[in-house]
Amino acid sequence: MSSENWPLSQDPESPVIISRSLVEDPSNLAFVVLDDDGDWFISDGNEFSEDMEENKDAFGALPLREAVELIPELAALAGLPTGMAADWDPERRSWLLSSVADSDDDEEDLLVRAARLAAWTHPGSPLEEVQVSTELAEISTDPAAPARAVRQVVREADGSWLLVGFQVPENEDFEVEALEMEHAVTLYPDVALVLSAAPGQVYDRPSADAPWELVEG
């Protein structure tokens, strides 16, 4: 893969941790994690254990370039924010995103949280949980898949948030996923324009390039 066509923001020669089984059979792919330092962890479903010998048997290292050649579906995650995970759905050929839970290192977690809070320039907290309609947390590897965009931003009466995509028909029930606010805003930057919404307010727009309109509250 030439440097001109390199899809990810990380250095193609940077090392990634990968399940050894995936080197033999990439179809075992289960999930990936892009940690807060921008390092990739690519798994067949196994996670690190406390047994270091077991970890050495289960995981190895590859340059990111080789990992993408082995698992080209990784290219679809070019815009994945750090601190997120993505579960692979082989039937739908898509990734389902989630915000990564805290690690086992409490001190490091506190430092990461403090840095994220200090860098946040919008109202509210980057660590606040946001509900998003499921398709907003999905990344398809199909180049013909419709573009993802937020149609409606709802600030519920209790102060919680809901983001709804254009693929959700109006006045119909839909499934949701939970993301942290910082991850939602990184994926959908135009949402930041209405983060000053008060509880009970709803912003909507007819198209992804249209300005937000206050329709309730």
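Start at the hairpin of β5 and β6: select Arg93, which takes a positive phi near 55°. Four residues lie between the two strands here. Strands (E, at least two residues) and helices (H or I, at least four) are DSSP runs, numbered from the N terminus.

This is a predicted model: local features need pLDDT of at least 70, side-chain atom pairs count only at pLDDT 80 or more, and totals for chains, interfaces and linings use all residues. Residues are numbered from 1 along each chain as its sequence is written, and side-chain values use heavy atoms, without hydrogens and water.

Now select β5 (residues 84-89) and β6 (residues 94-99). They pair in the antiparallel sense over six bridges; a pair needs at least two bridges found by DSSP. Ala85 stands opposite Ser98.

Move to β2 (residues 31-34). It pairs with β5, also antiparallel, over four bridges. Leu34 faces Met84 there.

Next, show the whole sheet. Seven strands form an open, mixed sheet in the order β4-β1-β3-β2-β5-β6-β8. β4 (59-63) and β8 (138-140) are at the edges with a single partner strand each, so one side of each has no neighbour in the sheet.

Select β1 (residues 15-19) and β3 (residues 40-43): this pair is parallel, with two bridges. Ile17 stands opposite Phe41.

Finish at Leu77. Its contacts (heavy atoms within 4.5 Å) include Val32, Trp40, Trp95 and Ile139, leaving out residues up to four places away in sequence.
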